[in-house]
Amino acid sequence: MEEKEFNVTSYFYDSIELLQTSGNIVLHSKFVQVSEDEEDYVTQYLSMEYEKEAFNFPGVLPDFDAKAALWGAKTIFIASQLLMLRDIPEKEFSKLLPSYEHEVTIGSVLSCDMCLRFLTDIIRAAEDIDTYDGLIVILDKLLSQWSYSSIGRRFVDDSIEISNSELLKSSSMQILTVDRVVERKAQHSIPSEIREIVKPYIEIELNE
């Protein structure tokens, strides 16, 4: 990707960089719009960060998916703002947080997960504020598209099912999936699709 010069303040970029370096994100008092230049710059930054993931990937790292990475970054950034901005009507949430509408590959899963792995933390924060907050179901539905990022999350709506779990069956993704289950202590909170993937590797009885 051609390097793009970017010399203005960007709350979007600063938030995503902070998220990548510390696992934290800044909450804003007013809704922050994201420009195309900011999107390009964040995508460029995530592309470089993605290459670092190769050191921990058990195999050849799939190609970076710019669309999936940017969608994950924007979803996290907007969701974190909506935690605090209670003046935005709930009916606007779906417009601000659209579903991912492109093909999902292993590269997509890993590129998106760079930011989306933190969405479970944002959902828990929303639950701490209000268990019945409409934002929670919307975020759960978005998260359900990404079976790897959703590991450990119990959706509030039992009718929500994970998608694209078949992508976790490759040898490399099986290893990462087992590591994620153990890391999040999710042995007893994973759906049957993921349970079948990790069962041969984790010697513990998993809940049906």
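**View 1. Tyr45 sits in helix H2.** Helices here are DSSP runs of H or I with at least four residues, strands are runs of E with at least two, and both are numbered from the N terminus. This is a predicted model: local features need pLDDT of at least 70, side-chain atom pairs count only at pLDDT 80 or more, and totals for chains, interfaces and linings use all residues. Residues are numbered from 1 along each chain as its sequence is written, and side-chain values use heavy atoms, with hydrogens and water left out. Tyr45 has 8% relative accessibility, so the residue counts as buried. The classes are buried (under 20% relative accessible area), exposed (over 50%) and partly exposed (in between), with a 1.4 Å probe and protein chains only. Beyond its neighbours within four places in sequence, Tyr45 is in contact with Tyr13, Ile16, Glu17, Gln20 and Thr21. Contact means heavy atoms within 4.5 Å. The C-alpha atoms of Tyr45 and Ile151 are separated by 25 Å, and the two residues are 106 residues apart along the chain.

**View 2. Helix H2 covers residues 36–52.** H2 has 17 residues. From first C-alpha to last it reaches 25 Å, close to the 24 Å expected at 1.5 Å a residue. The expected span is 1.5 Å times one less than the number of residues. Buried residues of H2 include Glu38, Tyr41, Val42, Leu46 and Tyr50. Glu39, Thr43, Gln44, Ser47 and Glu49 are also among them. Their cover includes helix H1 (11–22), helix H3 (66–84) and helix H5 (106–116).

**View 3. Gly107 lies in helix H5.** Gly107 counts as buried because its relative accessibility is 4%. Not counting residues up to four places away in sequence, Gly107 touches Tyr50, Pro62, Asp63 and Asp65. Of these, Tyr50 is also one of the buried residues of H2. Thr120 is 13 residues from Gly107 along the chain, and their C-alpha atoms are separated by 21 Å.

**View 4. Asn164 occupies the loop between helix H7 (134–143) and helix H8 (171–183).** Its phi is near 65°, a positive value in a residue other than glycine. Asn164 has 21% relative accessibility, so it counts as partly exposed.

**View 5. Lys185 is in the loop between H8 and helix H9 (192–198).** Lys185 has phi near 50°, again a positive value in a residue other than glycine. Lys185 is exposed, with a relative accessible area of 71%.

View 6. Along the sequence the pattern is α-α-α-α-α-α-α-α-α. The radius of gyration is 17 Å, close to the 17 Å from the globule rule for 208 residues, so the chain is as compact as a globular protein of that length. That radius is taken over C-alpha atoms, and the rule is 2.2 Å times the number of residues to the power 0.38. The C-alpha trace spans about 50 × 40 × 30 Å along its principal axes. Buried residues make up 50% of the 208 residues. Among contacts with a separation of 6 or more, 69% join residues 24 or more positions apart.
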